[in-house]
Amino acid sequence: MQTTAPTPVPTRRKSRRRWYLFGGFLLFLVATPTAYYFFAGWSADREMDAIYREMDAVDPNWRWADLVAQLKPPPDDVNSAVQITKVYELLKKTPFNLNAKWLIPPNEPMRYPSAKLTPENAELLRSAFGRLDPTVLEEARRLKDLPEGRFLLDPNQIPLPAHALSRARVPAIMSWSDVIELLDKDAIWRAENGDIEGAAESCQALLNAIHAFKDWPVRWGQFLRTIRQIYTATTIERIVAQGEINEPTLRKLQALLEQEIADDGMYIGLRGERAAAHHTYLRLRAGELSFTEVIDGMGGTGGPTLGRLLNAVPGAVLNEYPDFLRTMNEKVPAAKLRDAERDAAFQNIRLKFPRHGILTNMLRSNISDATRQAEASMRCAVVGLAAERFRLKHDFWPASLDELVKAGFVKEIPTDPSDGQHLRWKPTPTGVIIYCPGYDKVDHGGKLDRSFGNIYMRGVDIGFELWEPRHRQS
């Protein structure tokens with residue numbers, strides 16, 4: 001009997017559906033962030049274009065190259081910045097060196113301007129000036145006749161924001177700082193030796209040198225300028241406390257201080273900082289600059305590790321830049337305001353833009369309390385010089401600040417940058433004090449402390465003290 005072989009059962013093909021699902025899931029995982037990345041970039045580009053149009057309408061020269069092109073220096077023969085550079089080159093040959101031993105101990109008379117220097121500090125100055133080529137001082141003192149100046153900036157040399165401009169890579173800051181230090185100590189030393197008029201002339205040169213930095217378009221440079229304004233107001237107070245200056249010289253010093261007050265560096269600094277930050281953003285986006293270089297240039301924390309991490313995901317960081325630019329666009333015009341109005345405007349900006357991303361923290365500009373303190377110091381100094389002029393004319397102090405206005409020595413009574421109230425006037429057994437609250441914004445009754453290097457001291461006021469002639473240099 002013939003048997004037939006059983007018909008083989010066809011093997012069922014395994015379903016590939018699970019692989020399709022798995023592949024689709026993987027594709028979704030990859031495509032979603034990629035799509036979001038490109039969409040976020042496209043959206044940011046459109047957002048940036050809208051912001052650019054708004055900025056160009058309000059401030060057509062806000063970009064770095066255009067901003068710098070507007071800052072044309074005066075002719076070399078009347079440019080104090082050129083003279084500062086000349087003095088700096090002379091200083092490199094014969095440095096003015098106090099050997100880092102200029103001491104301000106708790107009982108140092110420098111904190112009491114009517115007193116003489118300690119023997120130690122007097123010897124330090126005598127030795128430092130003794131080693132100096134006399135030509136250096138002659139050239140430095142010439143700055144008293146050069147009230148206008150501006151350092152030349154290269155539009156193609158764009159700095160990183162913030163601290164990069166404080167580094168030795170910026171010759172203008174180095175020359176400026178060294179010459180100002182020389183003139184400051186020259187004024188103190190001349191007054192110590194009884195040359196009060198010469199000391200006042202050195203203060204004029206000092207103020208003109210500071211003024212040469214008025215247009216430096218980065219916040220850090222303007223911060224250095226405010227620190228020097230504070231110290232210079234203290235130096236002028238000391239000169240007046242050492243003897244009598246004639247009325248025309250006092251009037252010149254007062255005018256130079258008023259000029260420094262009028263040329264508020266906060267607006268210049270923030271506008272330049274915005275331009276420098278924007279150029280940094282463009283270079284980061286084009287791959288011409290790495291986050292590692294930015295972090296290193298700004299002296300930030302995190303170092304190479306953080307830089308490499310950010311370099312791996314640049315788009316995720318750069319997409320937050322529109323928020324940063326919007327913040328800066330509100331800060332720049334707010335910086336034009338003064339005193340309490342400016343403080344209120346910046347407080348509103350902080351409330352309006354409370355979030356800060358990685359890029360914002362790298363590029364943003366902080367507003368230093370040093371600006372407010374410098375304004376307060378110079379306003380007190382202006383009133384102090386006006387009161388000294390009043391005394392020279394009438395042989396007695398005015399009874400109040402109103403008398404200075406009525407007599408034409410000041411146009412109006414200056415206000416305290418912190419609370420908007422008029423400066424305080426306090427008679428003392430040895431003279432008078434013009435003051436306003438300091439860093440803590442608390443009125444301490446005219447308690448002053450002139451310790452160098454500490455502008456954030458609590459428990460003291462900012463002020464300018466005047467002594468009766470019989471109590472000077474005692």
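Strand 2 (residues 431–437) pairs with strand 3 in the antiparallel sense, and the pairing runs over 7 bridges. This is a predicted model. Strand 3 itself spans residues 461–467. How many of its 7 residues are buried? The count is 6, so strand 3 is mostly covered; buried here means under 20% relative accessible area. As a general point, side chains in a regular strand alternate between the two faces of the sheet.

Now turn to helix 6, which covers residues 171–192. Leucine 183 lies in this helix. Is leucine 183 buried or exposed? It is buried, with a relative accessible area of 0%. Look at what surrounds it. Beyond its neighbours within four places in sequence, leucine 183 is in contact with Ala140, Arg141, Leu143, Ser202, Ala205, Leu206 and Ala209. Threonine 232 gives another reference point. It sits 49 residues from leucine 183 along the chain. The C-alpha atoms of leucine 183 and threonine 232 are 9.9 Å apart.

Lysine 185 counts as buried, at 3% relative accessibility. Glutamate 181 counts as partly exposed, at 24%.

Arginine 326 forms a salt bridge with aspartate 323, and the closest N and O atoms are 3.6 Å apart. Arginine 326 is partly exposed, with a relative accessible area of 30%. Aspartate 323 is also partly exposed, at 38%.

A further pair involves lysine 144 and aspartate 145. Their salt bridge has its closest N and O atoms 3.1 Å apart. Lysine 144 is partly exposed, with a relative accessible area of 28%. Aspartate 145 is exposed, at 53%.

What lies behind such pairs? Side chains of opposite charge can pair when their charged atoms come close. How many salt bridges does a search of the whole structure find? It finds 38. Some charged residues join into a network. Asp264, Arg338, Asp339, Arg342, Glu375 and Arg379 are linked by salt bridges in this way.

Finish with two helices side by side. Packed helices are described by the angle between their axes and the distance between the axes. Helix 8 (residues 219–242) packs against helix 10 (residues 265–286) at an angle of about 160 degrees, with the axes 7 Å apart. Angles over 145 degrees count as roughly antiparallel, so helix 8 is roughly antiparallel to helix 10. Which residues meet across this contact? From helix 8 come Arg219, Gln222 and Arg225. From helix 10 come Gly265, Ile268, Gly269 and Glu273. The contact residues divide into 1 nonpolar, 3 polar and 3 charged.

Technical notes: Residues are numbered from 1 along each chain as its sequence is written. This is a predicted model: local features need pLDDT of at least 70, side-chain atom pairs count only at pLDDT 80 or more; totals for chains, interfaces and linings use all residues. Side-chain values use heavy atoms; hydrogens and water are left out. Buried means under 20% relative accessible area, exposed over 50%, partly exposed in between (1.4 Å probe, protein chains only). Helices (H or I, at least four residues) and strands (E, at least two) are DSSP runs, numbered from the N terminus. Two strands pair if DSSP finds at least two bridges between them. A salt bridge is a side-chain nitrogen of Lys or Arg within 4 Å of a carboxyl oxygen of Asp or Glu. Contact means heavy atoms within 4.5 Å. Axes are lines fitted to C-alpha atoms, for helices over the stretch in contact, and angles run from 0 to 180 degrees between N-to-C directions. Angles under 35 degrees count as roughly parallel, over 145 as roughly antiparallel, 65 to 115 as roughly perpendicular and the rest as oblique. Ala, Val, Leu, Ile, Met, Phe, Trp, Tyr, Cys and Pro count as nonpolar, Asp, Glu, Lys and Arg as charged, and the others, Gly among them, as polar.
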